[in-house]
Amino acid sequence: MSTQPATENKPSPVQDAVPPAKAATTLLGYGRERVERARGGEMGSLPAVAGLIVLVVFFWIVQPGFLSLYNIANLVTQAAPIIILAMGLVFVLLLGEIDLSAGTASGVCAALMAVMIVRHNMAWYFAVLLAVITGAVLGFLIGWLRAKARIPSFVVTLAAFLSFQGIVLMQVGKAGSVSLPDQAAKPIITLEGYNNNLMPLWLGWVMLAVVAGGYALVKLRIAVSRRSAGLESEPTLVTVAKTVAMVILGAIFVYVLGENRAIQQNAFFNNLKIEGIPWVVLLLIVLTVGLTFILSRTRYGRHVYAVGGNDEASRRAGIRVDRIRISVFVVCSLLAAVAGIVQASQLESVASNFGAGNTLLLAVGAAVIGGTSLFGGRGRIMDAVWGGLVVAVIQNGMGDLIKGANSQAWQWIVTGLVLLLAAGFDAASRRVGGADSR
Amino acid sequence: MTETTTSVTPRTTGSGEPILKLRAINKSFGPVHVLQDVDFEAHVGEVTALVGDNGAGKSTLVKCIGGTYSIDSGEYLFEGAPVKVHDPRDAASLGIEIVYQDLALCENLDIVANMFLGRERVSGWRTLDENTMERMAGETLSGLSVRTVKSLRQQVSSLSGGQRQTVAIAKSVLWNSKVVILDEPTAALGVAQTAQVLELVRRLADRGLAVILISHNMRDVLEVADRIVALYLGKTAAQVQRADVTQTQIVELITAGHSGTMGLVPATNGNGNGNGNGNVAQVVEALGIADEPAAAADTAVADAVAADAEAAAGTEETDGTDGVQGAAE
C-alpha cells in the first residue's frame, strides 16, 4: 500500500491514528511487529515451544535417561497418534466447536480395520481404506447433526462418544482385544517404529533435505513474488535463520535416530540394530505440510477461519457455512481414523477400550496447549504438533519419574494442570486481543 | 457537500435518470404491512439519506433492495430496466453492496482477507492469490485516501471502530459496485472518527457511486447528504433535495410524516396558500391538499423539534416524537 504523506487534503482529525510505517521489511520492524502481535494476544505456538524446552530440560536433569536415544524415538512414536488426533481437532476448534467423539471414533475405525484383517482376511490396504472412509462417514453424520439438525456439538459428540464406545466393544467381542498378525498387516505394523521397521538411514537425510529445501524454496518464491509486486515481505535474514534452525535441529534429529539405540548389547542380541527414523515421522510431515497448505493457502481454509471468526459475516459473504461446518467434522473424524490406525499398528492390537479414556482429552489438550483457541477462529496445524509433543513429553517423563502406585494418577493430574494453564493462556490472550469486548 | 446551498433554486435531480428506482413497493410480514407503496430513488454521484423513525421501514426497505427480502409488489428498476432481486447474490451481481451496521467483518482475519471474504482470488493450483488481493486492497484503500491503517496484514481485531468501518466500506467498493448502502455507519463512532467516515462517504459519491446512507444522526445527514428520503410508518413521506429543507423540516418529516407543504398527512385545514417552493411540490408525495398550518403553530413546532434534535442528535427519542405529534395536533 503506497502511503502518501498526509499533506494533501485537510488532515482529517484522526490522522493521528498511526503513522504510516513500512512495518515488516526491516529486521527491527519485523521484531517489533512480532512483539506487538504477541501483546495483542497472538502468541501462536511460542508458549508451547518454550514449555517443551523447559519440560525436556527438566526431565533430563531429573532423569538423564529421559534423553536416551531409545527414549527419544519412543517419544516421537508416542506423540504421533496424539498429534494426528489433535490436527483433526484443530479444524473443529477453529469453528469454535468441539468433537468429544474423536477418540472413540478412532477406536471404531481401528477396530473395524483389525476385525476385517483378522476375521475376514481382508487385504490390509482395503481395511485401511475402509477405516478411513468409515471415519469420514462418522464425521459427516456428526457434522450433519450439528449443522442441519442444530444440536450443539457438545451434545452430539458426547452422544457419539458413548455410542462409539459401545460399537468398539461390540466389534471386538468377548475376546477383549483383536491382535493384529504381523504377516497380514506388515505394512501397517511398519508404522509402529519399535522393531526393525524403520526408515533406512539415507532416506532420513533425503527427507530432511526435501523438507528444509522445500521450506526455503517456498519462502523464497513468496518473498520474490511479493517484492516484485511491491509488497513488504519477511526480512531475508529471518527466513535464512528459520531455515538454518530447521536444518540444524533436523540434522540432530536424523543423526541421533540414526545411531543404534538397541538397549541390549549382549552376545545374544549382538546383531540387533535399532536405528533410523520411525516411518510415522514421514506420515506426520506429510500431514503437517498438506493440512497447513489446505488451511492457509486455499479458499476452503480461509473460509474455515472466516466461519470460526464470524459465521454471520461469512454467510453474508456467500460462504456456505453449513457445508464448512460439516466438513470440519468430516476432517476431524477422518484424521481420527488415521490416528486409530497408527495407534493400532503400534499396539499391534485393538482392545475393547481403544480410544476411550483420556485419548481425546490429551488431543484437545495438545491442540490448546499448542495455541489453538477453544473459542474458534485461531489455530494452526503446527499447534497440534507442538502441543502433542508437550503432552507426550509429560506422559513419558512423568511415567518414568514417579514410580509406584500413584504414578498414573500424577501423570493425569499434571496433564490436567498443563491443559488448564494452556486454556488460561488462551482466555487471557483473548482478553488482551479485545475479542471479549464485543 | 459538493454544491453550495446559497439559494432555494431547485437542483435538477442528480444526473437525470436515477440508477435505482423503486415504485410503489409493498412488503408485508403476515398481517403487518411494513412497506406501503414506498417510492425510492438513488442517483449516481449523490448521497441519498434514508431517514425515518424506528419502525418506519428503513431496514425492511434496505433489505428489499439488497435482496434479503423479496418485494410483494411494486417496481424495482435498476439503470432504467426492471429487475427481479430475490437473493443477496442478485443484488451483488447488479452492483449493489450493503455495509451492515454490525459490519460483518471477521476479527480473526486480516484486512485483505476480510475485503475479499467469499470472493477470494485464486491462482494456479487453486491457491489463494495473496499478492493480487493485497495489491487490489491497497489500491482501493489509497484510492479512497485512507491512510489510517498501518498494514494491510493487520488483524481486524486490532483496528479501531472507525478503521473497521473504513475497511467495511472499502470492501463494498472493491467490486465495481454502483450502489453502496451504508446502514448507520457512524452509530458507534466518536466525533473524530465520524468525521473521517463521513468524508469517506462523500468521496464514494464523488467517485461516481450512488450512496444510500441510513442514519439517525441529523448532523450526519445534513452534512453529507444530497437528497433525503424520509419514511414515515411504512410510507414515503418525502423525497427532497438537501438544499431545499432545513433540519427542522427533516425532523418533522421523520417524526410526523409531514412538514409544511411536504409530507403525507395534511395538517390542520388552512387557507392553502400554495407556497413558493415549486420543487418541493415536485418531489413531495403530497396527498391532495398540502396546506400550511397556521404560521404561529408551525414555528412553535419547529422550535420544539429543533431543540429536541439538538439535544439528542443521533439517538432515538420517542418522547420527542410524541411531543412533536402532540404539538402538531
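## Two packed helices in chain A

In this predicted model, helix α10 (residues 279–297) of chain A packs against helix α15 (residues 381–401) of chain A at an angle of about 140 degrees, and their axes lie 8 Å apart. Two packed helices are described by the angle between their axes and the distance between the axes. Angles over 145 degrees count as roughly antiparallel and those from 65 to 115 as roughly perpendicular, and α10(A) and α15(A) are therefore oblique to each other.

On the side of α10(A), the residues that take part are Thr288(A), Leu291(A), Thr292(A) and Leu295(A), and they meet Ile381(A), Met382(A) and Val385(A) in α15(A). Sorted by class, the contact of α10(A) with α15(A) has five nonpolar and two polar residues, and no charged residues.

Ile84(A) belongs to helix α3 of chain A, which covers residues 69–94. Is Ile84(A) buried or exposed? A residue is buried if 20 or more other C-beta atoms lie within 10 Å of its own, and Ile84(A), with 30 other C-beta atoms within 10 Å, is therefore buried.

Leaving aside neighbours within four places in sequence, Ile84(A) is in contact with Leu287(A), Leu335(A), Val338(A), Ala339(A) and Val342(A).

## Confidence in chain A

The average pLDDT of chain A is 83, and 85% of the residues score at least 70. Over residues 1–23 of chain A, however, pLDDT stays under 50, and for this stretch the model has 35 contacts beyond four places in sequence. Where pLDDT is low, the predicted coordinates should not be read in detail.

Chain B has eleven helices and twelve strands, and 51% of its 329 residues count as buried. Among the contacts in chain B between residues at least 6 apart in sequence, 66% join residues at least 24 apart.

Chain B is divided into domain 1, made up of 17–95 + 177–329, and domain 2, which spans 108–174. To the contact between them, domain 1 of chain B brings 13 residues and domain 2 of chain B brings ten residues. On the domain 1 side, β7 (179–183) and α6 (191–206) of chain B each supply at least two residues, and α6(B) gives the most, with six residues. By class, this side of domain 1 of chain B has nine nonpolar, three polar and one charged residues.

Conventions: Residues are numbered from 1 along each chain as its sequence is written. Chains are lettered from A and ligands numbered from 1 in the order in which they are written. This is a predicted model: local features need pLDDT of at least 70, side-chain atom pairs count only at pLDDT 80 or more; totals for chains, interfaces and linings use all residues. Domain bounds come from an automatic or database domain assignment. Two residues are in contact if their C-beta atoms, placed from the backbone, lie within 7 Å. Helices (H or I, at least four residues) and strands (E, at least two) are DSSP runs, numbered from the N terminus. Ala, Val, Leu, Ile, Met, Phe, Trp, Tyr, Cys and Pro count as nonpolar, Asp, Glu, Lys and Arg as charged, and the others, Gly among them, as polar. pLDDT is the predictor's confidence in each residue, from 0 to 100. A residue is buried if 20 or more other C-beta atoms lie within 10 Å of its own, exposed if 12 or fewer, and partly exposed in between; C-beta atoms are placed from the backbone. Axes are lines fitted to C-alpha atoms, for helices over the stretch in contact, and angles run from 0 to 180 degrees between N-to-C directions. Angles under 35 degrees count as roughly parallel, over 145 as roughly antiparallel, 65 to 115 as roughly perpendicular and the rest as oblique.
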